[in-house]
Amino acid sequence: MTTLLEVKDLEKHFPITRGAIIPHKVGAVKAVDGISFKVEQGKTLGLVGESGCGKSTTGRTILKLTEPTGGHIYFDGQEITHLKGEKLRRLRQDMQLIFQDPFASLNPRMTVEQIIAEPLKVFGMHKEERQKRINYLLEVVGLSSYHKERYPHEFSGGQRQRVGIARALALEPKLIICDEPVSALDVSIQAQVVNLMEDLQKAFGLTYVFIAHDLGVVHHISDQVAVMYLGEIVELGSYDELYAHPKHPYTQALLSAIPEANPHRKKERIVLKGDVPSPATPPTGCKFHTRCPFAEQRCRLEKPTMKVVSLTGQEAACHFVEEVSDVVG
Ligand code: SF4
Ligand code: MG
């Protein structure tokens, strides 16, 4: 298997400044705080966590829509961490983004044809070829050339997301970062869009980073799952493994919140106390200690690192991973 995307110790910190006349830095929001993962060609990594955990910032940093503060990004065999100018422009063709809210991401004054034509024009495709490509793309996402002259408001949420997908596919990308692509859709429509994305993945050999706030959504589509909490990955593994034997207390809590979770497991809902702390003032030691049912003194003082916890390479960051997984797993 070939690794298409690798992220190593990636950081994205946003400075907090004070002072209107002479602004000075007083701290930083560590939106992404040293995360590492790999995504194999043609596979899907599900990136899961509550809102504000840094999932979208991770996606945007990989796409170089925002500069990383530290760490490395490797794509298709080259380091792209600090790529700029023409090289970055060419790379953009291979990496695309699908947004959560298809309505907000599609220009309401443009027809579907104009929306999909935009990236094709940027890369200099001639009109005739463009027409053919647009018709083909609409068909591929389950719409038809009959929809070309329509505007986004004339479509349902699911159809609009199909237009967003067609636009993302226009330049034959290798990687698509899907930022909560179905969160804004009705549950009945979510499955249709996820199925379409799976079909497209098979047909075109696409690689996905699929961002979601609950593990239920990424269930069918993910090969690997990374669980994020306050800018860090706390657990990483194959979906099946993580689902059957969640090792980190946070993953256990997220899984227990899925209504149709594994019927073989005792279905006790783990309710976490409190809210997610502010990323501007994260807790010391293990960032999860303020909400963790297993927290001890050591957790407040010492930050746990990611450790391999199974023969198949599942990893988790918890001091008491053996004890904790005995309780639940
Ligand atoms: Fe909970 Fe401590 Fe493990 Fe953090 S290190 S997840 S606080 S038991
Ligand atoms: Mg987000």
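**Entry 1. Helix H4.** I began with the packing of one helix: the buried residues of H4 pack against helix H5 (127-140) and helix H6 (157-169). Contact here requires that the C-beta atoms of two residues, placed from the backbone, lie within 7 Å. H4 spans residues 112-122, and its buried residues are Val-112, Ile-115, Ile-116, Ala-117 and Leu-120. I count a residue as buried if 20 or more other C-beta atoms lie within 10 Å of its own, as exposed if 12 or fewer do, and as partly exposed in between. An α-helix has 3.6 residues a turn, so residues three or four places apart point the same way. Just after H4, Gly-124 takes a positive phi of about 75°.

**Entry 2. Conventions.** The model is predicted, so I note that local features need pLDDT of at least 70 and side-chain atom pairs count only at pLDDT 80 or more, while totals for chains, interfaces and linings use all residues. Residues are numbered from 1 along each chain as its sequence is written, and chains are lettered from A and ligands numbered from 1 in the order in which they are written. Helices (H or I, at least four residues) and strands (E, at least two) are DSSP runs, numbered from the N terminus.

**Entry 3. The sheet of eight strands.** I traced an open sheet with mixed pairing, in the order E6-E7-E8-E3-E9-E10-E12-E11. Strand E6 (95-98) and strand E11 (307-308) stand at its edges with a single partner strand each, so one side of each has no neighbour in the sheet. Two strands are taken as paired if DSSP finds at least two bridges between them.

**Entry 4. Strand E8.** Is E8 buried or exposed? Six of the six residues of E8 (residues 207-212) are buried, so the strand is largely enclosed by the rest of the structure. In a regular strand the side chains alternate between the two faces of the sheet. I checked both faces of E8: Thr-207, Val-209 and Ile-211 are buried on one side, and Tyr-208, Phe-210 and Ala-212 are buried on the other.

I then looked up the partners of E8. Strand E3 (residues 44-48) runs parallel to E8 and is joined to it by five bridges. Thr-44 stands opposite Tyr-208, and Leu-45 has Val-209 as its bridge partner. Strand E7 (residues 175-179) also pairs with E8 in the parallel sense, over five bridges, and Asp-179 stands opposite Ile-211. E7, helix H7 (residues 187-204) and E8 make a right-handed β-α-β unit; right-handed means that, with the strands pointing away from the viewer, the path from the first strand over the helix to the second runs clockwise.

**Entry 5. The sheet of four strands.** A further open sheet has antiparallel pairing and the order E2-E1-E4-E5. E2 and strand E5 (78-79) are its edge strands, each with a single partner strand, so one side of each is left without a neighbour in the sheet. I found 13 bridges between strand E1 (residues 3-18) and E2, which run antiparallel. Leu-5 stands opposite Val-39, and Phe-14 stands opposite Val-29. The two strands form a hairpin with five residues between them, and Gly-19 in the turn has a positive phi of about 95°.

**Entry 6. Asp-33.** Asp-33 lies in strand E2 (residues 24-40). It counts as buried because it has 24 C-beta neighbours inside 10 Å. Leaving aside neighbours within four places in sequence, I found Asp-33 in contact with Glu-11, Gly-231 and Glu-232.

Entry 7. Most residues other than glycine have a negative phi. Lys-64 has a positive phi, near 65°, and sits in the loop between helix H1 (55-62) and strand E4 (70-75). Asp-76 has a positive phi of about 50° and is found in the loop between E4 and E5. Lys-64 counts as partly exposed because it has 19 C-beta neighbours inside 10 Å; Asp-76 is likewise partly exposed, with 16.

**Entry 8. Ligand 1.** Which residues are closest to ligand 1? Of the 13 residues that surround it, the closest are Cys-286, His-289, Cys-292, Cys-299 and Cys-318. A residue is near the ligand if its C-beta atom, placed from the backbone, lies within 6 Å of it. The shell divides into 11 nonpolar, two polar and no charged residues. Ala, Val, Leu, Ile, Met, Phe, Trp, Tyr, Cys and Pro count as nonpolar, Asp, Glu, Lys and Arg as charged, and the others, Gly among them, as polar.
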